[in-house]
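Hi,

Here is the structure I promised to pass on to you. Have a look at it first, and then read on for what turned up.

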Amino acid sequence: MTRLGAWNARLDDPIDPRPLLLLRLAIGPLVLMHLAPFLHDAADGIIYRDRFWVPYLEWYPQLPRALYVTLLWLTVVAGFLVSIGLVTRIAAWLTVSGVAYNLFLSQTHFHHNRAFLLILLVGVAVLPAGNVVSMDRRLHTPRWMSQGGGRRLALTVLRVEIALVYLASGFSKLIDSDWWGGTVTRLRIVANRDHLDAVPDAVLDLLLDPGFHRWAAKAIILTELFIGAGLLWPKTRRIAVWVAIAFHLGIQATAAVQVFSWAALAALVVWDQRVTPAVPPLERNAYASRHEEEPPQ
């Protein structure tokens with residue numbers, strides 16, 4: 001109980017936002033990459049006319065085409081304001097609002113990689129990510145406009161959400177016989193066979209071999225489960241991060257997962273141990289006061 005009480009008290013500790021800089025810088029490009037297909041469709045007049053359009057709620061507002069496109073572009077602009085650290089907190093919440101509005105327009109808009117991006121955007125809005133290497137520091141932007149007030153609790157929630165993505169994905173594949181048996185991975189190779197002309201015949205034969213996929217699929221599933229569990233355990237966190245980097249680079253090279261791989265790579269910075277510096281109990285109040293008084297960077 002003593003250890004549990006100490007851990008609970010530490011949830012109010014301030015965090016060091018410097019390692020979060022890389023995640024903040026990635027927000028603009030990630031949002032542009034995410035919304036580019038919608039902007040392309042809107043430019044072609046494809047809006048609210050998709051044959052698979054299935055609104056979540058009948059009363060959910062559907063903007064006229066011009067306003068819809070304007071909203072998407074404003075969301076992209078807000079994302080890049082986050083990246084450069086200009087009115088970061090306000091821009092971050094505007095980015096969250098624009099991405100969330102578009103995501104919930106139709107059930108067909110929902111993909112797990114898009115939901116993952118939305119989770120990261122909320123994390124950046126809540127955490128003090130605008131407190132380092134930003135225009136807000138140079139312009140002395142008021143604190144309430146420049147950085148979130150989230151502390152260790154907010155960071156812990158974000159970390160758990162990220163780890164659950166890997167655990168949920170791995171577990172769903174683990175109980176799916178088609179995935180565990182290698183059928184899904186082999187069908188993906190077969191579907192993209194026309195794009196593998198440059199691959200040597202010996203490698204192509206291996207990639208089409210059902211026996212290879214029976215083992216490859218198991219390796220993929222166990223890797224996801226290891227990353228999810230390893231990130232939550234401090235002793236395995238470093239190796240889990242390196243495995244995750246290799247895993248996502250491999251996914252990006254072999255599968256179409258939209259923005260997920262790049263978002264997941266950017267999200268790995270939240271596991272940097274420097275984000276949660278070890279502050280002795282007697283120095284905790286002084287540490288918090290010093291960081292609250294510092295102007296946004």
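A word on classes before anything else: Ala, Val, Leu, Ile, Met, Phe, Trp, Tyr, Cys and Pro count as nonpolar, Asp, Glu, Lys and Arg as charged, and the others, Gly among them, as polar. Please also keep in mind that this is a predicted model.

With those classes in hand, let me start with the second largest pocket. Its lining has 17 nonpolar, 3 polar and 8 charged residues. The space in this pocket comes to about 900 Å³. It is lined by 28 residues, and the ones closest to the pocket's centre are Arg159, Arg237, Trp271, Asp272 and Gln273. Several helices take part: H1 (2-10), H8, H12 (210-232), H13 (237-254) and H14 (260-267) each supply at least two lining residues. Of the contributors, H13 gives the most, with 5 residues.

Helix H5 (residues 112-126) packs against helix H8 (residues 152-174) at an angle of about 170 degrees, and the two axes are 10 Å apart. Since angles over 145 degrees count as roughly antiparallel, H5 and H8 are therefore roughly antiparallel to each other. The crossing of H5 past H8 is left-handed. On the H5 side, the residues in this contact are Phe116, Ile119, Leu120, Gly123 and Val126, and they meet Ala154, Leu158, Glu161, Ile162 and Val165 in H8. Sorted by class, the contact holds 8 nonpolar, 1 polar and 1 charged residues.

The largest cavity holds about 40 Å³ of space. Around it sit Thr88, Arg89, Ala92, Val124, Ala125, Leu127, Ala129, Gly130, Ser146, Gln147 and Gly148. Helix H4 (88-103) and H5 are the elements that give two or more residues to this lining, and H4 gives the most, with 3 residues. By class, the lining of the largest cavity has 5 nonpolar, 5 polar and 1 charged residues.

Happy browsing, and all the best

Key
Residues numbered from 1 in each chain as written. Predicted model: local features only at pLDDT ≥ 70, side-chain atom pairs only at ≥ 80, totals over all residues. Heavy atoms only, no water. Axes fitted to C-alpha atoms, helices over the stretch in contact; angles between N-to-C directions. Helix = DSSP H or I, 4+ residues; strand = E, 2+ residues; numbered from the N terminus. Parallel < 35°, antiparallel > 145°, perpendicular 65-115°, else oblique. Left-handed = near helix turned anticlockwise from the far one by under 90°. Contact = heavy atoms within 4.5 Å. 1 Å grid on protein atoms, 1.4 Å probe; cavity = no way out; pocket = protein on both sides within 12 Å on 5 of 7 lines; lining within 4 Å. Points joined across faces, edges and corners; volume = space filled by probe spheres on them.
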